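Open the model in your viewer and keep the selection panel at hand. Below is a tour, stop by stop, of what to select and what you will find there.

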Amino acid sequence: MMGVESQLETWPAELIKRATLVEVEGVSLTNDVAENWDALWAFKARPDDLLISTYPKAGTTWIQEIVDMIQHGGDSQKCARAPIYSRIPFIDLFPPPPIPKGLDEAEAMPSPRTIKTHLPVQLVPPSFWVQNCKMIYVARNAKDNAVSYFHFHRMNQGMPEPGTWDQFLENFLTGQVAWGSWLDHVCGWWEAKDRHPILYLFYEDMKEDLSREIQKVAQFLGIQLPDPVLKQIVQHTAFESMKTNPMANYSTLPAFIMDQDVSPFMRKGIVGDWKQHFTVAQSERLDDIFAQKLQSNGLTFRSQLGMQC
Ligand code: PPS
């Protein structure tokens, strides 16, 4: 993707169109993913691939930067080699040319590769399971996740129209958003971790103690982190650092793709911002819809630090 940013400057903005939703195996996906479904499903994973999976806006970019820093011994210069979307290809991204498809970028990348997906567990290309690839999943509480996703729809001109917050929340609650139901996503990956090498992390835990969660990731990857390296990674992946890092904050993309004046990609980066958006009734409705399945899966989320719900 190096060099594509300069080509984009001369690109007709009308080429970016808001996506529509199409169901694949009962999951709402954007039309571009659905149109390329066969190629995505046939993706050939390699045994030393690391797959990063998240529901959109759960902390994907954060864990990507952490993993890249761990893999490069905490060397922030090496992690500045390219924007995050080029360092770690996103296989379920099918933009119009000249932006390369994530699949093509992944295929061209030498091993060992780290790959990003937002797919629910049952839609992950089978070769990842066959090759027994390591996977890291990050989950975020539904309320902050929904708010972040709403603002992302507003600023990303390739996402479906979000409508009002009230409309968007209804779609989120019924899984009528890209990559489907948050509930099915977090529960499906939670169940899969018992039969596969999956490190399941929570955004809220990362906010609570970043150093502790980075150490979990390093241990999972079998990499020793000397104390000064750990400190460097904590500093480099703190919200304020990533917000101003052009290789992490998506500011390399033009405004006709992501309009950061509408809402910055690195927006607030906190736990509990949902309180500024949800009415009491909306909060209770979400709890009613999600609580039972979460409970029966033994899955607990914190929607503010210092409490569980
Ligand atoms: S995407 O488009 O799905 O890849 O987006 P994703 O990276 O998953 O989510 C973006 C949200 O994560 C927040 N973020 C962070 N929070 C805390 N610390 C760090 N370092 C960090 N990096 C990204 C980002 O601000 C978005 O959340 P909101 O709530 O919108 O601020």
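## First stop: R113

Select R113 and, setting aside neighbours within four places in sequence, you will find F43, K44, A45, R46, D48, D49, L50, A106 and E107 in contact with R113 (contact means heavy atoms within 4.5 Å). Before going further, please note that this is a predicted model, in which local features need pLDDT of at least 70, side-chain atom pairs count only at pLDDT 80 or more, and totals for chains, interfaces and linings use all residues. Residues are numbered from 1 along each chain as its sequence is written, and side-chain values use heavy atoms, with hydrogens and water left out.

R113 sits in the loop that runs between α6 (102-108) and β4 (114-117). Helices (H or I, at least four residues) and strands (E, at least two) are DSSP runs, numbered from the N terminus. Is R113 buried or exposed? With a relative accessibility of 1%, R113 counts as buried; the term means under 20% relative accessible area, while exposed means over 50% and partly exposed lies in between (1.4 Å probe, protein chains only). Now show the side chain of D49: the side chain of R113 makes a polar contact with it at 2.7 Å. A polar contact is a pair of N or O atoms within 3.5 Å; within protein, one must be able to donate a hydrogen and the other to accept it, and residues adjacent in sequence count only if both atoms are side-chain atoms.

While you are in this loop between α6 and β4, pick P112 as well. The peptide bond joining S111 and P112 is cis, with omega about -5°. A further cis bond joins P97 and P98, with omega about 15°; look for P98 in the loop between α5 (84-87) and α6.

## Second stop: the ligand

- A58: a backbone N or O atom is 3.2 Å away.
- R267: an N or O atom in the side chain is 2.8 Å away.
- K268: a backbone N or O atom is 2.6 Å away.

Taken alone, the ligand exposes 640 Å², and the protein buries 98% of that (areas by the Shrake-Rupley method with a 1.4 Å probe; for residues, only the protein chains shown count as cover).

Move to H196, in the loop between α10 (182-192) and β6 (198-202). H196 is buried, at a relative accessible area of 10%. A polar atom of the H196 side chain lies 3.0 Å from the backbone oxygen of C133. Beyond its sequence neighbours within four places, H196 is in contact with F128, W129, N132, C133 and M135.

Stay with N132, which belongs to the loop between α7 (127-130) and β5. N132 is not a glycine, yet its phi is positive, about 55°. At 47% relative accessibility, N132 counts as partly exposed.

You will find W179 in the loop between α9 (165-173) and α10, buried at 6% relative accessibility.

Then select L294 in helix α15 (residues 280-297), where L294 is buried with a relative accessible area of 10%. Apart from neighbours within four places in sequence, L294 is in contact with W182, L183, V186, C187, L299 and F301.

## Last stop: colour by confidence

Finally, colour by pLDDT, the predictor's confidence in each residue, from 0 to 100. The protein averages 95, and 98% of the residues score at least 70. Confidence is lowest in helix α1 (residues 4-8), with a mean of 76, and highest in strand β5 (residues 134-139), at 99.
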